[in-house]
Amino acid sequence: MRILLVDIDSRIPNLALRKIQIYHKADTVEYVRVPFHTRPRNWSSNNIKSKLKGILPYVETAARTYVSCLFKHNRPLAEEISKYKNTIIGGPGWDILAKLPEDIDKIVPRINMGYTTRGCNRNCEFCIIPRAEGRLRVVGDIKDFWDGKAKAVSIMDNNILQAPDHFWKIAQQLCKHNLRVDFMQGLDIRCVDRGVCKILETLKFEGSLKFAFDNPNMYGIVEEKILLMREYKIPRDLFFYVLCGFNTTFEEDKKRVEWLVSKGCDPYVMKHENIHFDSRYRRLTFWANKVWPQKMYGLDEWLKKSDKGANNARSAKDSKKRKCVLRCDTKTFPLGSKYMQR
Ligand code: SF4
């Protein structure tokens, strides 16, 4: 049987598709990925067709097609594929409550990244995890997904610090096998205390140690925890996801980003879909998420400069368009040609 896996928008290895691939190991499994695309304002049917051009012929001939759609704005691509028979679509962009069948879900690929807990006991308004996964529970440990050879693993848990005993066990495993770790989704800064700091001190990290600063009401607690961590031998380059535009103004978001930089931390702007096409946020994101603009310019200076740059680029683009129109005209109707004389 020919099985097709379609990955619409993963930016990291897609765990669900890997599970399905292992489940169908007795079949011929093919994997295709929609070419990388930025989010369009509207998906026109031409746009959809051009994105799926190389993929639909495979879908047509596969015995079964599994599609992963992580982001809601890419749903039209999944809808187009769903018109073909024997297509199964999943992922939070399609249905946040969709789950893999149990016999597929229980497969744990040894790809050095995975979950040791699922769910979360908090209830942040903007987050789908509590609805999709429920309350926090332990589901495994490092040995389930570590291949035994890699020097680093990525833990995808949403809030591992809510299970302190389990966190301690995982830390022991990491130390025992001398593994570097990346807590990809970030640790909950509110759960950091002296006990957690002592554990973090013993770990080696792959990349930065990540947290989130999503709510402007958290200045006090974030500052307190940064100071606490500075007392221990924890890497100084703390990284913070900063959710912007959910229920905050641009000024509030800008202030949070600047404040983190002033504390020696690395902010990483996560744009909520409310403000996705707001050009101010595009400039803020560029400054926050890249190192060089921060080193060369203050935030206000950058916002002003990049706005001016964008305007210049826009007018250059317009004049190029005008030139292009003229060139086309002369090509179609060359001056002095018989066609023009008629
Ligand atoms: S703490 Fe994190 S995972 Fe839990 S609900 Fe809030 S954002 Fe979601």
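**Close-up views of a predicted model**

**View 1. Helices H2 and H4 are roughly perpendicular to each other in this predicted model.** Helix H2, which covers residues 45–52, and helix H4, which covers residues 75–82, pack at an angle of about 70 degrees, and their axes are 10 Å apart. On the H2 side the contact is made by Ile48, Lys51 and Leu52, while H4 contributes Pro76, Leu77, Glu80 and Ile81.

**View 2. Four strands form an open sheet in the order S2-S1-S3-S4, with parallel pairing.** Strand S2 (28–33) and strand S4 (87–90) stand at the edges, and because each has a single partner strand, one side of each is left without a neighbour in the sheet. On average, and with direction ignored, neighbouring strands of this sheet are turned by 15 degrees against each other. In general, the strands of a sheet pair through backbone hydrogen bonds, in either a parallel or an antiparallel way.

**View 3. Strand S3 (residues 64–68) pairs with S4 in the parallel sense over four bridges.** Within this pairing, tyrosine 66 has isoleucine 88 of S4 as its bridge partner. Helix H4 lies across strand S1 (2–7), S3 and S4, and runs at about 160 degrees to S4.

**View 4. The ligand is surrounded by residues that include Cys120, Cys124 and Cys127.** The surrounding residues also include Arg122, Asn123, Ile129 and Pro130, together with Asn158, Asn159 and Asp188.

Conventions
Residues numbered from 1 in each chain as written. Predicted model: local features only at pLDDT ≥ 70, side-chain atom pairs only at ≥ 80, totals over all residues. Axes fitted to C-alpha atoms, helices over the stretch in contact; angles between N-to-C directions. Helix = DSSP H or I, 4+ residues; strand = E, 2+ residues; numbered from the N terminus. Parallel < 35°, antiparallel > 145°, perpendicular 65-115°, else oblique. Contact = placed C-beta atoms within 7 Å. Near = placed C-beta within 6 Å. Pairing = 2+ DSSP bridges.
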